[in-house]
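Thanks for coming, everyone. I'll keep this short. Please look at the model first, and then I'll walk you through it.

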Amino acid sequence: MKRLFIILSFAFLFLGTVTLLIPSTRTASRTASLSAAREHVFEAVTRIEDQSWRPSVGSVRVLKADHGQEEWVEVSKDGHELLFKTIRKVEPELFEIEFSASPSISGRWSGRFNEQAENETRVVFTETVTAGSLPSKVMGYLFFDLDATLDTYINDLRNKLAGDGHEKASR
């Protein structure tokens, strides 16, 4: 019995130490070239009331829409709610927002839109997530892949643009 207690104590100590070493903030960034005019790409991303092109979004409730200072709630298909707020919107170049999923999980997302050619836009999307509690940090690292989230977002955006007669979806 004493041996089991010692083993469990060391296991909890090890897990506690590893958990403390996990950073509270994680950042991922993705760059992509899209075959559509910068203004069209910017509009697709920033038109918060119409995010139906993103399969993971079940609904959007706009709480405030006042000259580029929007606040809204996105409800995922599985019922999770995220509260969003526009930080900065410079048409058609920059869109920065902050979000919170709970009191212990929040973050920022930014999109930069650079015209490469007449109908080609280079986008840079960056997402930073901060977990304020130890359980949130562990759960975030185990179940939330920022890189995959941004890859999915870009793929969904490509499909949206293809449906609008722009970007080739297979790209």
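Start with the naming. Helices (H or I, at least four residues) and strands (E, at least two) are DSSP runs, numbered from the N terminus. Now the ground rules. This is a predicted model, with residues numbered from 1 along each chain as its sequence is written. Local features need pLDDT of at least 70, side-chain atom pairs count only at pLDDT 80 or more, totals for chains, interfaces and linings use all residues, and side-chain values use heavy atoms, with hydrogens and water left out.

The method is a 1 Å grid over the protein atoms alone. A pocket is an open set of points with protein on both sides within 12 Å along at least five of seven lines, where a cavity is a set where a 1.4 Å probe fits but cannot get out. Lining residues have an atom within 4 Å of a point. Grid points are joined across faces, edges and corners, and the volume is the space filled by probe spheres set on the points.

How much space lies in the largest pocket? About 1,200 Å³. The pocket is lined by 41 residues, and the closest to its centre are Leu82, Phe99, Glu127, Phe144 and Thr149. Which elements supply at least two residues each? Strand S3 (69–76), strand S4 (81–90), S5, S6, S7, H3 and H4. By class, the lining has 23 nonpolar, 10 polar and 8 charged residues. For the classes, Ala, Val, Leu, Ile, Met, Phe, Trp, Tyr, Cys and Pro are nonpolar, Asp, Glu, Lys and Arg are charged, and the others, Gly among them, are polar.

Next, H3, residues 134–143. Ser136, Lys137 and Gly140 are buried there. Buried means under 20% relative accessible area, exposed over 50%, partly exposed in between (1.4 Å probe, protein chains only). Seen down the axis of H3, the buried residues fall within an arc of 100 degrees, so they line one face. That arc is taken over the directions from the helix axis to the C-beta atoms. Turned away from the buried side are the exposed residues Pro135, Leu142 and Phe143.

Now the aromatics. Rings of Phe, Tyr and Trp (its six-membered ring) pair if their centres lie within 6.5 Å; planes under 30 degrees apart are stacked, over 60 edge-to-face, and the rest tilted. The structure holds 9 such pairs. Take Phe95 and Trp109: centres 6.3 Å apart, planes at 70 degrees, so edge-to-face. This pair links distant parts of the chain, with Phe95 in strand S5 (residues 94–102) and Trp109 in strand S6 (residues 105–117), 14 residues apart. Phe95 is buried at 2% relative accessible area, and Trp109 is buried at 9%.

Then Phe125 and Tyr153. Their centres are 5.3 Å apart and their planes at 85 degrees, so this pair is edge-to-face too. Phe125 sits in strand S7 (residues 120–131) and Tyr153 in helix H4 (residues 146–163), so the pair ties together parts 28 residues apart in sequence. Phe125 and Tyr153 are both buried. One aromatic cluster takes in Phe42, Trp53, Phe95, Trp109, Phe113, Phe125 and Tyr153.

Trp72 next. Trp72 is in strand S3. Buried or exposed? Buried, at 3% relative accessible area. Contact means heavy atoms within 4.5 Å. Leaving aside neighbours within four places in sequence, Trp72 has contacts including Ile48, Val62, Leu82, Phe84 and Phe95.

On to helix H2 (38–46). Its buried residues are Arg38, Val41, Phe42, Ala44, Val45 and Thr46. They pack against strand S1 (25–34), S4, S5, S6, S7 and H4. At 5% relative accessibility, Gln51 is buried.

Last item, the backbone. Most peptide bonds are trans. Here, a cis peptide bond joins Glu91 and Pro92, with omega about -10 degrees. Pro92 lies in the loop between S4 and S5. At 14% relative accessibility, Pro92 counts as buried. The C-alpha atoms of Pro92 and Glu39 are separated by 5.6 Å, at 53 residues apart along the chain. Not counting residues up to four places away in sequence, Pro92 touches Arg38, Glu39, Phe42 and Phe113.

That's my tour. Over to you.
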